[in-house]
Amino acid sequence: METSYLIGAISLAAFVTYVTRIIPFLFFRKKEPSAIIKYIEWNMPVMIMVILVFYALKDVQWEVYPYGIAEIVGVLIATFVHVKFKNALLSIFLATFTYMILIQKVLV
Amino acid sequence: MTIPVLMGYIPLGMAFGLLLSQLLIPWYYAFFMSLFIFAGAGQFLALGLFASQATILEIGVATFLLNLRHTFYGLSMVSTFKNFSWKKHYMIFGLTDETFALLKTNDIADEHKENAYFIITALNQSYWILGSVIGAVLGNIVPFDYRGIEFSLTALFVVLSIDLYNKSKLHKPFLISLIIGLVGMLSFPSSKMLILSLSIAAIILILFKKVLEDGN
């Protein structure tokens, strides 16, 4: 891959990513947040995070073997381990480890 | 407190670095991408686009759409950051999914917030840079079957969803986002799934405020 291509693409990606983060600070700078903004502040984050879970799974092919079994098992493990032990490391590690074993050794 | 992110970002950063090394891109690009872009999913997306020889403009547009969700994060941090000094410019730059989740789920007293948030952001970015460089270097020297390591991203989102749910006062937004996410995953076009689902979630949240706040 050409150096100029990589540098150009990385610079532009860095710039647009920063733009997505600075937008609200430019447009809502002076106003005191209204009740509706506070309500969004409190409730939008969990909705974004839940949707990101499904977003991360959007390219799974549910109709063909292995029917997303590895992904479902991985998400279930992450959920149950985290609800039970509240330990992010343990949840992420166990889920990812199981997923890797499943796709590499079991569901082949 | 940044330990959950450490545990998420190091393996995830390593997964990113390993993927980068599989595309035969020199390891120091992992360092520069994590330093200047600092967006987990966005950097994975960029690798996918590098691999398919997308144009620079396509990479710019796709990254913008994927990261547009950060605008929602910023929206909910405006009042918090308002009286902060120059440090807020770095915090705005570093408002990733994981940093945002941490800033939203802590119990730090108001007078300590500015310094604490700055340190949290800087620590998170160092974990991310460290993980991605380790991964990029390892991928070149250690032969190992790394397939599936990208699932750490999904697991991280699951863990952060549960943490945010436990912190929230209302339960209906969580249930609604499960439905929107499921429908979006199964029926929305892949390239527009994220922005469509997020827009619908925001619209429902605002339009049905009274219903959602009622009877929890």
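A residue is called buried if 20 or more other C-beta atoms lie within 10 Å of its own, exposed if 12 or fewer, and partly exposed in between, with C-beta atoms placed from the backbone. Please keep in mind that this is a predicted model, in which local features need pLDDT of at least 70, side-chain atom pairs count only at pLDDT 80 or more, and totals for chains, interfaces and linings use all residues. Residues are numbered from 1 along each chain as its sequence is written, while chains are lettered from A and ligands numbered from 1 in the order in which they are written.

**View 1. Chain A is built from 4 helices and 0 strands.** Helices (H or I, at least four residues) and strands (E, at least two) are DSSP runs, numbered from the N terminus. Along the sequence, the pattern of chain A reads α-α-α-α. The C-alpha trace spans about 55 × 45 × 30 Å along its principal axes. Chain A has a radius of gyration of 20 Å, whereas a compact globule of 108 residues would have one near 13 Å; this radius is taken over C-alpha atoms, and the globule rule is 2.2 Å times the number of residues to the power 0.38. Of the 108 residues in chain A, 39% are buried.

**View 2. Chain A meets chain B.** Here 58 residues of chain A are in contact with 76 residues of chain B (two residues are in contact if their C-beta atoms, placed from the backbone, lie within 7 Å). On the side of chain A that touches chain B, helix 1 (3-27), helix 2, helix 3 and helix 4 (88-106) each give two or more residues. Helix 2 of chain A gives the most, with 19 residues.

View 3. Look for P66(A) in the loop between helix 2 (35-56) and helix 3 (69-85) of chain A. For background, most peptide bonds are trans.

**View 4. Two loop residues of chain B have positive phi.** Most residues other than glycine have a negative phi. L24(B), not a glycine, has phi near 65° and lies in the loop between helix 1 (3-22) and helix 2 (28-36) of chain B. F38(B), also not a glycine, has a positive phi of about 50° and sits in the loop between helix 2 and helix 3 (40-51) of chain B. L24(B) is exposed because 9 other C-beta atoms lie within 10 Å. F38(B) is buried because 23 other C-beta atoms lie within 10 Å.
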